[in-house]
Amino acid sequence: CFDSMNTSGQGYLTTEGVSTVTALDRTCYSLSTQPAAAGGTGGTPATKFPVASPVPRPGSSICTRSPDNGCYKSGRPACCNSDYTCPSFMTMCDNVASGVAGNDICSWGPDYGCWPSTNGRPPCCNKPGGSEVNCPKSEDVKEYQPCEPQPRTNPTRKPTRKPTPKPQKQKGGNSICTYSPDYKCYKNGWPSCCDKGKCPSFPTMCDNNASGFTGGSICTWGPDYACWPDTNGRPPCCSKSGGAELNCPKSEDVEKYQPCQSAIDTATE
């Protein structure tokens, strides 16, 4: 960028501002001027480079978590292999034998007290892609598909409960009718069978379903022919006189008191 070095002590700058002949003992630099930016004071405006998006940390997406081949056919939730966007929670298992009771929350009986605006079903059931892509596992339904807020009403006087015949007390609390009353589960505080005179040994299903109990009656679940082949895919208690309220256990106790036929056959061998 220099034409020569002048040792005479003279130095000059060309009109173009590109070449110089320096004076003795001076340091020279190359100058390359650029036109000023519009509205600026001179110089070349700084170039803006695209900023890379932050990389999600491992496990922040349900598709980057450790594979679960026991729950999912491909080891990942079904939405990971589709054109649909995955939710933030782990979706329902798809590696389940056909007809397993309770796996798909969209097959439960409608709960109008919990989800009145979606026809008694969790909102995820109505999204494109269906339950496998959008709905959580059955044990997580309360966390990720909670009941709709109930409108607040003016407090009213609690109606007086009609008196009911007091069941005969049995020694040691052996009868479910001698347990402490549970008004949240039962309309009269005790199972419906207590008013009929004959009850099973276990607490029967709740009959106060207006409180928003999800899947209250196990007889409304999808049939499970692999579990109960002799009773048309339903728990045996559903076929007894009086129906589910008088004979069937709560949904969380179904495996204990209404076990699969295959388990009973194995135990008797």
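Reader: In which helix is S131 found?

Author: Happy to start there, with a note that this is a predicted model, where local features need pLDDT of at least 70, side-chain atom pairs count only at pLDDT 80 or more, and totals for chains, interfaces and linings use all residues. Residues are numbered from 1 along each chain as its sequence is written, and side-chain values use heavy atoms, with hydrogens and water left out. Helices (H or I, at least four residues) and strands (E, at least two) are DSSP runs numbered from the N terminus. S131 belongs to the helix spanning residues 131-134, namely α1.

Reader: Is S131 buried or exposed?

Author: Buried means under 20% relative accessible area, exposed over 50%, and partly exposed in between (1.4 Å probe, protein chains only). The relative accessible area of S131 is 13%, so S131 is buried.

Reader: With which side chain does the side chain of S131 make a polar contact?

Author: A polar contact is a pair of N or O atoms within 3.5 Å; within protein, one must be able to donate a hydrogen and the other to accept it, and residues adjacent in sequence count only if both atoms are side-chain atoms. Leaving out residues up to four places away in sequence, S131 touches M92, D104 and C106. The polar contact, at 3.0 Å, is with the side chain of D104.

Reader: How many residues make up the largest nonpolar core?

Author: A nonpolar core is a set of buried Ala, Val, Leu, Ile, Met, Phe, Trp, Tyr and Cys residues joined through side-chain atoms within 4.5 Å. Among the members of the largest one are M205, W221, W228 and V254. A second, separate core of nine residues includes C106 and C124. The largest core has ten residues.

Reader: What is the phi of N232, and where is N232 found?

Author: Most residues other than glycine have a negative phi. N232 has a positive value near 60 degrees. At 54% relative accessibility, N232 counts as exposed. N232 is found in the loop between α2 (141-144) and α3 (244-247).

Reader: What is the mean pLDDT of the protein chain?

Author: pLDDT is the predictor's confidence in each residue, from 0 to 100. In this chain, 63% of the residues reach 70 or more. Over residues 13-19 the pLDDT is below 50, and residues 169-173 also stay under 50. The mean for the chain is 75.

Definitions and conventions
Contact = heavy atoms within 4.5 Å.
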